[in-house]
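Thank you all for making the time.

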Amino acid sequence: MGLREDAARLRQDIEDEQNVKLRIALFGQPGSGKSSLINQIVGQSVARTGVTTDTTVEAQVIAHEELLLVDLPGYGTSRFPPNEWMDRFRPEELDLFLCVFAGKFHEADTDFFKELREKGRICLFVRNKLDDLWEDGRTTEELKAEIVADVERQVGAAQPVYFVSCRTREGLSELVDGIKAALEPALQEKYARSAKAFSLAHLEAKKEACEKSVYKYAGLAAANGLNPVPGVNVGVDMSIMYKMFAEIRASYGLTDEKVNKLIPSLLPLGKRVLDYGTKEGIMLLLKKFAGKSASTVVGRFVPIVGQAIAAAAGFGMTVAAGKSYLNDCHELAERILERELGIERQP
């Protein structure tokens, strides 16, 4: 297969992947904190908190990167009897369900879970507002055990329950692990690229998923070869490189506002992330890595980009520039997270 054919296949692969979103639905009683949980999952205030979806006629759909998060209206209400609910919102088209509750587990949630189970859908149980879980004379562990037992009694089988607090962020790291474990590998990568990282391990998974995108975008940019790089006898499609850099930065949640609020010691790295994210900065990186060969690292990615692209002039340069930017974004996100977690970096 030649360069043109490899490029066409790679372009189609990228488009197909972008068109497929990871669809996670949240259901539960009003006041359980579904919108707050959505905001925590993506790391941004994207969902309107305080909205009671049981009185609406539509699901609240939040699109974020490669995620579609759906806050479902109440199931089994006077507005939405069970059969009508299933016909209208088609749960069979969603990838994963989170049953979110903050008090006693409700019968409507039980009925909905049983419907999902009959349809072979995966559902995780999330007890939100952990910071409000308190009863005089009883320990938190005793109260958790009682809730787990109640869920098991309601649904008729033992189920893991994730206890989280959107206020303190307690338990969110474990929930992320549970969500990823419930997904197939391709969807795990989408989740890793799009969701907020609550641990250093989550950041590493994000970096690994982003690296695959770097090879695809860099390969397509090198294959297109539209714009000559000044001083280098190689052409690169700069629009593709710019899109790649923007997606890497978005994956790590490094908005201009967040970077500009960094503490002084992180500002130089933050400035580098912002500067190299421009078209002028990308051109500087490409010139820096001119003549770079990808032959020593591209072997396992040949099935992704194709042999012709892997051998093309400029592929090593575009990969090196993309990975350099990825490393900068990763290091900055890592430093920010370490501060949030109170981790002291060794000198």
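By class, the residues that line the largest cavity are five nonpolar, one polar and three charged. This is a predicted model, and everything I describe today has been computed from it. The residues in that lining are Val176, Lys180, Tyr191, Ala192, Ala195, Lys196, Ala197, His202 and Lys206. As for where they come from, α6 (172-181), α7 (185-194) and α8 (200-224) each contribute at least two residues to the lining. The space inside the largest cavity comes to about 50 Å³, and the structure holds one cavity of 30 Å³ or more. As a reminder of the idea behind such numbers, rolling a probe the size of a water molecule over the atoms shows where empty space is left.

Let me stay for a moment with Lys196, which is one of the residues lining the largest cavity. The charged end of Lys196 sits over the ring of Phe198, 5.5 Å from the centre of that ring.

Which classes of residue make up the lining of the largest pocket? They divide into 10 nonpolar, four polar and 11 charged residues.

The second largest pocket has a volume of about 420 Å³. At least two lining residues come from each of α2 (34-42), α8, α9 and α15, and the largest share, four residues, comes from α15.

Helix α15 covers residues 315-341, which is 27 residues, and from its first C-alpha to its last it reaches 38 Å, close to the 39 Å expected at 1.5 Å a residue. Is α15 largely enclosed by the rest of the structure, or largely open? Because 20 of its 27 residues are buried, α15 is largely enclosed by the rest of the structure. The residue that follows α15 is Gly342, and its phi is positive, near 75°.

A search of the whole structure finds three aromatic pairs, and one of them is formed by Phe245 and Tyr325, which are stacked, with 4.3 Å centre to centre and 10° between the planes. This pair links distant parts of the chain, with Phe245 in helix α9 (residues 238-251) and Tyr325 in helix α15, 80 residues apart. Both Phe245 and Tyr325 are buried. There is a further ring to mention, that of Tyr242, where the charged end of Lys279 sits over the ring, 5.5 Å from its centre.

Next, a word on backbone angles. Most residues other than glycine have a negative phi, and most peptide bonds are trans. Glu65, although it is not a glycine, has a positive phi of about 55°. Glu65 lies in the loop between β2 (60-64) and β3 (67-71), and with a relative accessible area of 38% this residue counts as partly exposed. Lys129 is not a glycine either, and its phi is positive, at about 60°. Lys129 lies in the loop between β5 (123-127) and α5 (140-155), and Lys129 is partly exposed as well, with a relative accessible area of 30%.

Finally, I would like to turn to Arg4, which lies in helix α1 (residues 3-19). Is Arg4 buried or exposed? Arg4 has a relative accessibility of 72%, so it counts as exposed. Arg4 and Ala308 are 304 residues apart in sequence, and in space they are 8.6 Å apart, C-alpha to C-alpha.

Terms used:
Residues numbered from 1 in each chain as written. Predicted model: local features only at pLDDT ≥ 70, side-chain atom pairs only at ≥ 80, totals over all residues. Heavy atoms only, no water. Buried < 20%, exposed > 50% of the residue type's maximum accessible area, 1.4 Å probe, protein only. Expected span 1.5 Å × (residues − 1). Phe/Tyr/Trp six-rings, centres within 6.5 Å; stacked < 30°, edge-to-face > 60°. Lys NZ or Arg CZ within 6 Å of the ring centre and 35° of its normal. 1 Å grid on protein atoms, 1.4 Å probe; cavity = no way out; pocket = protein on both sides within 12 Å on 5 of 7 lines; lining within 4 Å. Points joined across faces, edges and corners; volume = space filled by probe spheres on them. Nonpolar A, V, L, I, M, F, W, Y, C, P; charged D, E, K, R; others polar.
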